[in-house]
Amino acid sequence: MTVDALKGLVVPAAAACLVALAAPSLAQAASCKDSAAPGADWTDCNKKALMLGGSDLQGANLVNTDFTLTDLRGANLTEANLEKATLVRSSVAGAAANGANFSKIEAYRCNFAGISAEKASFVNSELQRANFSGARLTGTSFEKAELGRANFDKAELTGTRFSHANLSRADLTNTSFSGPIDFQGAFMFLTRIEGVDLSEATGLEQEQVDMTCGDSSTKLPAGMSTPGGWPCASD
């Protein structure tokens with residue numbers, strides 16, 4: 001076979017390979033323009049400051065999606081994958097998010113009030129000053145999450161895991177749970193637990209309790225003593 005003939009075969013083949021390699025990137029970029037729908041793929045998309053309240057994104061792929069300042073109130077995020085998504089100052093209030101993956105999200109001051117996120121994952125997430133008031137978080141994991149000053153007022157926390165989480169100045173007053181709740185290795189500096197029944201909590205050590213803010217109505221696991229610094233001054 002001549003050199004010219006070989007060139008005739010190699011050049012088209014190389015061009016075809018380049019097109020094949022570029023195709024996934026083009027398809028991914030195009031998906032950012034797709035409307036909200038179950039199973040949508042918005043991976044790496046910019047969805048800042050949008051009105052997406054009530055959207056059905058069940059099972060959607062929202063990995064690394066930027067939802068900064070976006071309204072997702074009442075959205076259906078059941079079993080959606082939001083790993084590494086940005087939800088800074090956004091609102092997911094009242095959303096359905098059971099089984100959703102919120103691991104490694106950045107969600108400073110995000111509003112999760114009233115969300116149903118049972119058996120969801122917030123592992124390794126940045127959730128400082130996030131509002132989880134009235135949220136249903138049964139069986140949810142906050143392992144290694146940053147929850148400084150997070151608000152859990154009236155949240156349902158049965159079976160919730162806070163192992164190795166930072167709960168400094170988080171508010172757990174008025175929370176409810178009817179079974180174990182895991183605090184193994186959690187940092188609980190000035191965590192508000194006034195009136196909370198922690199008698200069935202697991203993983204708690206006296207050193208952790210000594211840093212918290214409780215009162216005479218706080219119930220501790222058997223064998224633990226009430227710190228002398230209770231009640232704390234108002235923060």
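This is a tour of selected residues, stop by stop, in a predicted model.

Residues are numbered from 1 along each chain as its sequence is written, and side-chain values use heavy atoms, with hydrogens and water left out. Because the model is predicted, local features need pLDDT of at least 70 and side-chain atom pairs count only at pLDDT 80 or more, while totals for chains, interfaces and linings use all residues.

**Stop 1: Phe112 and Phe122.** A search of the whole structure finds 14 aromatic pairs. Rings of Phe, Tyr and Trp (its six-membered ring) pair if their centres lie within 6.5 Å; planes under 30 degrees apart are stacked, over 60 edge-to-face, and the rest tilted. Select Phe112 and Phe122: their ring centres are 5.7 Å apart and their planes stand at 90 degrees, so this pair is edge-to-face. Both residues are in the loop between helix H1 (3-31) and helix H2 (206-211), ten residues apart. Helices are DSSP runs (H or I, at least four residues), numbered from the N terminus. Phe112 has 0% relative accessibility and counts as buried; Phe122, at 0%, is also buried. Buried means under 20% relative accessible area, exposed over 50%, and partly exposed in between (1.4 Å probe, protein chains only).

**Stop 2: around Phe112.** Show the residues that Phe112 touches, leaving out those up to four places away in sequence; among them are Val92, Phe102, Ile105, Leu127, Asn131 and Phe132. Contact means heavy atoms within 4.5 Å.

**Stop 3: Phe152 and Phe162.** The ring centres of Phe152 and Phe162 lie 5.6 Å apart with planes at 80 degrees, so they are edge-to-face. Both sit in the loop between H1 and H2, ten residues apart, and both are buried.

**Stop 4: the cluster and the core.** Select Phe102, Phe112, Phe122, Phe132, Phe142, Phe152, Phe162 and Phe183, which form one aromatic cluster. Next comes the largest nonpolar core, with 58 residues; Leu127 and Leu147 are among those with the most contacts inside it. Such a core is a set of buried Ala, Val, Leu, Ile, Met, Phe, Trp, Tyr and Cys residues joined through side-chain atoms within 4.5 Å.

**Stop 5: Lys47 and Trp42.** The charged end of Lys47 sits over the Trp42 ring, 4.2 Å from its centre. The criterion is NZ of Lys or CZ of Arg within 6 Å of the ring centre and within 35 degrees of the ring normal.

**Stop 6: Gly195.** Gly195 is in the loop between H1 and H2 and is partly exposed, at 45% relative accessible area. Leaving aside neighbours within four places in sequence, Gly195 contacts Asp215, Ser217 and Thr218.

Definitions and conventions
Helix = DSSP H or I, 4+ residues; strand = E, 2+ residues; numbered from the N terminus.
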